[in-house]
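I open this notebook to record what I looked up in one structure. The entries are grouped by topic.

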Amino acid sequence: MGLRGSESEQTGNIGTDAVTLKFRRLGWHVAPNPAGEVGTDLLLQVRDDRRFDLGAIVGAQVKSGDSHFDEPKRGATREVEGWWFRDDDAEHLKSWIHHTSPHLVVLHDESDDTSYWVHVTAERVVSTGKGAKILVPKSSTVDADHIDELLRIGTSRRVGARWEGSAWGGGERILPPDQLRYALLTPRLIAPHPNRAPGEIQPHEAIALLVNMRLADLTAKPMDTRRPVPDLDQCHASDDWRWRLYAALYDVLLKGHRSDTVETLIDTASSPYQRAAAAAICCAMRMETLDPTGGMNIIDAVLALDDCDPVDHDWLRLHKARCLAELGDLDAARSLGYDVQRLRAIAADDPTAMAIAGGGADVVFTSVQWGADLSAVINGRDTIASWWRSQEIAWGLQDHFNDHFTAWANNGPLDGDTYGSTWRRLRAASLAAGMAADHSSWRHTSILLAKHVLTLAADTPAAVATALTALHQAGDAEAIQEAIEHVLRSGPANAVQVAVENLRLHQATRTSIRAALQMVASAADVLTSEAADRCALWILSVLKDPEDFRSRMKPAFTNVILVDTLTELVPVISPVMQREVIDHVMALQSDSITDTAHWSGVVRGLPPEAWSDDDRRTLSNRLSGATGDFADVFSGVVAAGDPEYREQLVAKICEGDLDALAAFGDVTDLDPTTAGKLATHLAERTRRLLAELRAGKSTGGPHDPAETLILINAWHPSASCWEPIIELLSVPNPFPIRLTRPLQLLRRQSDNLPGEVVDALVEPLHALMLNGTGSRAAAGDIRGEAASTLAVLRPSAITGAELLDLMHSEDLKRREAAIRLIAGRDDASTLDTLWAISRDHDPWVRAIVANQLAAQSTRYSDDDRFTDLLSRLLSGEGTLVARMVAATLKDQPRSTAGDQLADVLRDHLSAEVRRASAIYENNSHS
């Protein structure tokens, strides 16, 4: 008769087999523990969801049978929370706590085929005196719902390698399947040390040198006839795929080739890690040209093969997450960003894996804005790879500051090489960030790089255009505005035109869209009508059907930004596009114009001739009884062609309605009675304004009564009331900025001011020139504006000593006043003085000189010095000087000197200048 097996053994075997099956269903490999091992039933080999082995082992002790569920722990509601597993002498629990591999205790319940587990740690073990116990939670079951937690336990005892202070070693410690990824993400660990003895460089080392922008190390050293790497033709034809990758990447980074040459290598790669590296390069390069769709397609094609190891697989998935975020699919991007965090557990010793996990943390944070755990993101992004990138930036900025210091110490110009050490180090940091799909770091370093180029390549249009494009692609709208304003002032202005010509708003991403719109708005004055039409058409299409734009961009701004951009474009677009804009605004419903200021800007920018009689009749009917925003926007259009409506406006103007006055148009067309009634209202409002200012209140509004009163006074002297204006300029107030526009208007209307008014203004203007408002609480400095106004109204009121003080001031407005004063004097040395001042480095000073020369063109037209000086000033590559000349020219009567200026300005790059020239040439008076 045979031997009978024990029931406990059978129960144990059933439990062990059941637990084995459950882990195998999770994709893990399970092996019984070798004979002789005490206290461990199963060895669990950890695998990811793609069945890739993660090189980690978990031990499991399985207990099966009802007896192991006899000691439940119940909560406050008497519900079972778990079961205590007891170790009478604590030897097993102690062994598992200190084991080199993490251990699980698994309780298997045969009745419902459920296995419960607990990770044995010192914190979970409870002493019972002689022995110990641990609670196996009811909520922890061996199933797919807990796979992530089990995976973290499996890799929990890995310790990351220490890379701090590591020296270059040419990647001796890095095995071939990882070398390309290391070369692209952490090139410092692969590239040969600069002081290493000359020798043959391997392909992955050459790629690391290229990414690290150590270009000198790719060429032969002096007195060394051997090349460290083959020439590019040899690399392109090499049998070694890695050399072909190096050559293709070299062409992309240093010769400006498209990434297509790298893309062709994906299909010829002989291993998954080669395909992953090529795909990551292509996606990073596509992202640099705002093509996330193309980049994601490349990544998806490689991911579909499903043969990359876990780190490479998550590397590609992070690139996909970056593309998805830029395309507006934030949920999918965030999910992938979360997924790659598992690399912290499974590859803690791999700095490239930590860089990928850090990039994933950034995706999670930026895709939910302030909803994420900021501290976790900061910790997640604080990786060795990011620290090394920061070192590259620091070294680059050190070189940048050294160049500036050398120029300062030698009182010379900044002669730094635009594409020298600083550029190479910043480019290395941006490349490594892009290869790692660390979007925020890529943006930061790309912006620094563009700013560096702009500060050193001011006279190189191609470099300036490229840098402006880089700023827009990296999404720095504020820097774009400042940079374009500077380039338009100082030149080369054509670089701005080129940058926007290459811009395609429909290709913008979440990162670039705001900067792209800012670029268009800031550059509008120098755009061709074709480029302006293209941008305006896109804006109109979004305004008509914004849903796709909103879902794709998730913009952090409203339609106001789009309307603002359209406002800047309107003066430049073609008549055909003007018609498109009119049709759009005509189709707006009365209650859909929620921001009068913005839409009225679009309407005001359209020339009167662009509106048809039918347009005006339609609007007139819609305005019948309309009030508020809609009426404010279109009243001026209707008034220009409807005498009856114009009379209605006159009645409102008599009551002091400044909105009606704005719609009416030119104040010179007001009859004396209306002008007198309006002046009375304006005088009272100006007095109230002054009282508010003195009381420390500055409410502002769309219409300043003081400004309007100056216009009425200047053009309707019989109705004038100057006392409030004189009082406004005489009494201290804490808001001097409110005096700026009145001072400028007084300057422009100087020819229409009566002598007695000028006499009354001299003293307050002189006091303002010397002391500002005289209020201790005053914010702002209007001394320059006051000096300019006084220089125009009564130049003799400014002494020679005061003139010298103005000339030597650091304040541009005060220097402007000096120029106005000098230009207005009938002195033989005036031109010589202006010639000297025109050498000033600031374009605004040069522009004011040109402006004043143009204003005196008839006086100096026969003097060769005048022609030579104005020609030199107008020859600059900026638009500011020409715009300041045109501003004066358009208001002048036709003259020989004026005609000569118009000839120069007629075909200028600036649309504003061209319009002013046309206005001058259309002047009927001689």
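**Entry 1: the model**

I note that this is a predicted model, in which local features need pLDDT of at least 70 and side-chain atom pairs count only at pLDDT 80 or more, while totals for chains, interfaces and linings use all residues. Residues are numbered from 1 along each chain as its sequence is written, and side-chain values use heavy atoms, with hydrogens and water left out.

**Entry 2: cavities**

I searched the whole structure for cavities of 30 Å³ or more and found two. On a 1 Å grid over the protein atoms alone, a cavity is a set of points where a 1.4 Å probe fits but cannot get out; a pocket is an open set with protein on both sides within 12 Å along at least five of seven lines; lining residues have an atom within 4 Å of a point. Grid points are joined across faces, edges and corners, and a volume is the space filled by probe spheres set on the points.

The largest cavity has a volume of about 110 Å³. Of the 14 residues in its lining, Pro187, Asn212, Trp388, Arg389 and Glu392 are the closest to its centre. Helix H16 (384–409) and helix H17 (421–435) are the elements that give two or more residues to this lining. Helices (H or I, at least four residues) and strands (E, at least two) are DSSP runs, numbered from the N terminus. The largest share, five residues, comes from H16.

Helix H9 (272–288) and H17 each give two or more residues to it, and H17 gives the most, with four. By class, I recorded five nonpolar, two polar and two charged residues in the lining of this second cavity.

**Entry 3: a pocket**

Which element gives the most to the lining of the second largest pocket? I found that H19 does, with seven residues. This pocket holds about 1,100 Å³ of space. It is lined by 34 residues, and the closest to its centre are Glu288, Thr289, Arg427, Thr466 and Gln473. The elements giving two or more residues to the lining include H9, H17 and helix H19 (461–474). The lining of the pocket divides into 16 nonpolar, ten polar and eight charged residues.

**Entry 4: aromatic rings**

I counted nine aromatic pairs in the structure. Rings of Phe, Tyr and Trp (its six-membered ring) pair if their centres lie within 6.5 Å; planes under 30 degrees apart count as stacked, over 60 as edge-to-face and the rest as tilted. The pair of Phe69 and Trp83 is edge-to-face, because the ring centres are 5.0 Å apart and the planes are at 85°. Phe69 lies in the loop between strand S3 (53–64) and strand S4 (72–74), and Trp83, 14 residues away, in strand S5 (residues 80–87). Phe69 counts as buried at 15% relative accessibility, and Trp83 counts as buried at 9%. Buried means under 20% relative accessible area, exposed over 50%, partly exposed in between (1.4 Å probe, protein chains only). Together with Tyr116, Phe69 and Trp83 form one aromatic cluster.

**Entry 5: helix H37**

Helix H37 (residues 783–793) is mostly covered, with nine of its eleven residues buried. Its buried residues pack against helices H35 (740–748), H36 (755–771), H38 (800–807) and H39 (812–824).

**Entry 6: two single residues**

Ala347 is in the loop between helix H13 (343–346) and helix H14 (351–368), and is buried at 5% relative accessible area. Arg694, in helix H32 (residues 672–694), is exposed at 53%. Leaving aside neighbours within four places in sequence, I found Arg694 in contact (heavy atoms within 4.5 Å) with Val731, Pro732 and Asn733.

Terms used: Ala, Val, Leu, Ile, Met, Phe, Trp, Tyr, Cys and Pro count as nonpolar, Asp, Glu, Lys and Arg as charged, and the others, Gly among them, as polar.
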